[in-house]
Amino acid sequence: MVYEWIVIGGGIQGCTIAAFLMKNNKVSADQLLIIDPHETPLYRWTKTTEMIEMKFLRSPSVHHLDVEPFSLRKYADDQNRKKSDFYGVYKRPSLELFNEHSQALFRNLNMESCWHQGFVNGVDREDASWTISTVAGNRFKTKNVVLALSVNGQLNIPEWASNLEAHSHQLFHIYDEAADLTKMKPSIAVVGGGISAAHLVIKLSAMYPGQIHLIKRHPYRVCDFDSDPGWLGPKNQKPYQLIKDYDTRREMIKTARNRGSLPQELFRKLKKLEQDQTLKVIDGEIISARNGNNHDLILTTENGSVEVQSVILATGFKPERPGGGWLEKTIEEYSLPCAKCGYPIVSPSLEWCPHLYVIGPLAELEMGPIARNISGARQAAERIVLSV
C-alpha cells in the first residue's frame, strides 16, 4: 500500500497537521499514517503537563488542534463547561478542557486508526514515493511526508549535573520520560526560572512546605506569552519574511522568544509562597555541585550553597536540530538545504523538497518564533493544506 500522507511525530504539531489534512478533505483516515514512539496522540504533552499540574494553558482559547478557531469555545458550550474553565482576559483554557477537546477531535477523526507506534530511522526517496523505515523493521510507502519532530529528546543537562553521582530518582530533568516525582525525597531543588519550573515548585511547595528551593540564574521574566503577539500576524511576520539572510532570521528568533519566562499569575503565586516562607528562592548560576554525606547533593551558586536530597532540572532543551542521525543521512543524500544553524531552508508552503514538508521546530526559519507553539502549528498546517 502507498499512503497519501505520513506524519512523523504525534505530538501537538503532528496531530494538528493530521487534523487539518483530514478536515480539509486532503486525505482520508485510511490514507494517512502517523508514526510516533508512544502509544497514543499527545502522550508526552499529557504526561508532562499532568506531572507539573499545569492548570491553564499559556495560549488563548483560539489556539488548539482543530481547524475552526472557535471550536474549543463551542465544545465548552456544548459540554456546559463552567466559566472558570477559561482564565483571564485572553480566555486561556484549562488543561483539562484543552485535553478533552483534543481527544474529542481525535475520536471524531478516528485518528487512532492512523496510528503506528514506532521509532523512525530512515526516510528515503524511491521513484515517485517516499519510504519510511522504523527501528522495528517496518517500511511504509507514501506520496507525502510531514516531519513533525519535537526537541523533547534533546534535554539540556548542565555540565555540573552530568558530573554528579546520583540515583535516577534523585536527579532528573522534568522532561525526561523516566521522571517520577513520587520517588523523590525532600528537600528538593528545582533548577530553572521559566514556566515549567514555576508550575513544578507551586505543586511541590504544597507537598513539602518549606523544603523546596527554586534556583534560577536570572530575575523572573514576566510575560503573558512566549513571544510578542505581533508575531501571530502580519505586524511582525511581514518584515520577517522580507529578510533573506537566515543568520539574521535565527538571531531574530532568539531575540523574540521570551525564554525562561512565566505569566503574571504564576509570578504572583511564587512571590506569595516566598513571602510565606513555603518556598526558598535562590538567584544565581550554579557554579559547582558535589555529593555530600548521606546521599546529599550540595549545589554552590555565586551567592552561597544549598544542601538537598533531590534535584529536578527545568532547564529546557538544547538548540540543535531534532531528528538525529537518520535525518542527517536524508539531508546529505538528497542535498536538502539548511542554514548555518542546521535548520531547514524551506518554501513558504514549508516544503523542503518535493512532497517533503516540515512543521514545528524544523519550520522555524520560515515561520519565526511561533513555530514551536500551538499557534505556530495551526498557521503551519494552514500553509501546507493550502498548497496541496
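In the predicted model, the exposed residues Gly325 and Glu332 lie on the face of helix H10 that is turned away from its buried side. Helix H10 spans residues 324-333, and its buried residues are Trp326, Leu327, Thr330 and Ile331. These four lie on the same side of H10, because they cover an arc of only 140° around the axis. The packing partners of the buried residues of H10 are strand E6 (120-126), strand E8 (139-147) and strand E19 (351-353). Just after H10, serine 335 adopts a positive phi of about 50°.

Helix H2 (residues 43-51) was examined in the same terms. Its buried residues are Arg44, Thr48, Thr49 and Met51. They are placed on the same side of H2, because the arc that they cover around the axis is only 160°. Helix H4 (95-109) and helix H6 (195-207) are included in what covers the buried residues of H2. The residue glutamate 53, which follows H2, has a positive phi, near 55°.

The packing of helices H1 and H12 is considered next. Two packed helices are described by the angle between their axes and the distance between the axes. For helix H1 (residues 12-23) and helix H12 (residues 374-387), the angle is about 40° and the axes are 9 Å apart. The crossing in which H1 passes H12 is right-handed. On the side of H1, the contact is made by Ile12, Gln13, Thr16, Ile17, Phe20 and Leu21. Helix H12 contributes Ile374, Ala377, Arg378, Ala381, Glu382, Ile384 and Val385 to this contact.

With a relative accessible area of 5%, serine 375 counts as buried, because burial is assigned under 20%. The side chain of serine 375 forms a polar contact, at 2.7 Å, with the side chain of asparagine 373. When neighbours within four places in sequence are left aside, the residues in contact with serine 375 are His63, Leu232 and Ile370.

Notes
Residues are numbered from 1 along each chain as its sequence is written. This is a predicted model: local features need pLDDT of at least 70, side-chain atom pairs count only at pLDDT 80 or more; totals for chains, interfaces and linings use all residues. Side-chain values use heavy atoms; hydrogens and water are left out. Buried means under 20% relative accessible area, exposed over 50%, partly exposed in between (1.4 Å probe, protein chains only). Helices (H or I, at least four residues) and strands (E, at least two) are DSSP runs, numbered from the N terminus. The arc is that of the directions from the helix axis to the C-beta atoms. Contact means heavy atoms within 4.5 Å. Axes are lines fitted to C-alpha atoms, for helices over the stretch in contact, and angles run from 0 to 180 degrees between N-to-C directions. A crossing is left-handed if the near helix is turned anticlockwise from the far one by less than a right angle, and right-handed if clockwise. A polar contact is a pair of N or O atoms within 3.5 Å; within protein, one must be able to donate a hydrogen and the other to accept it, and residues adjacent in sequence count only if both atoms are side-chain atoms.
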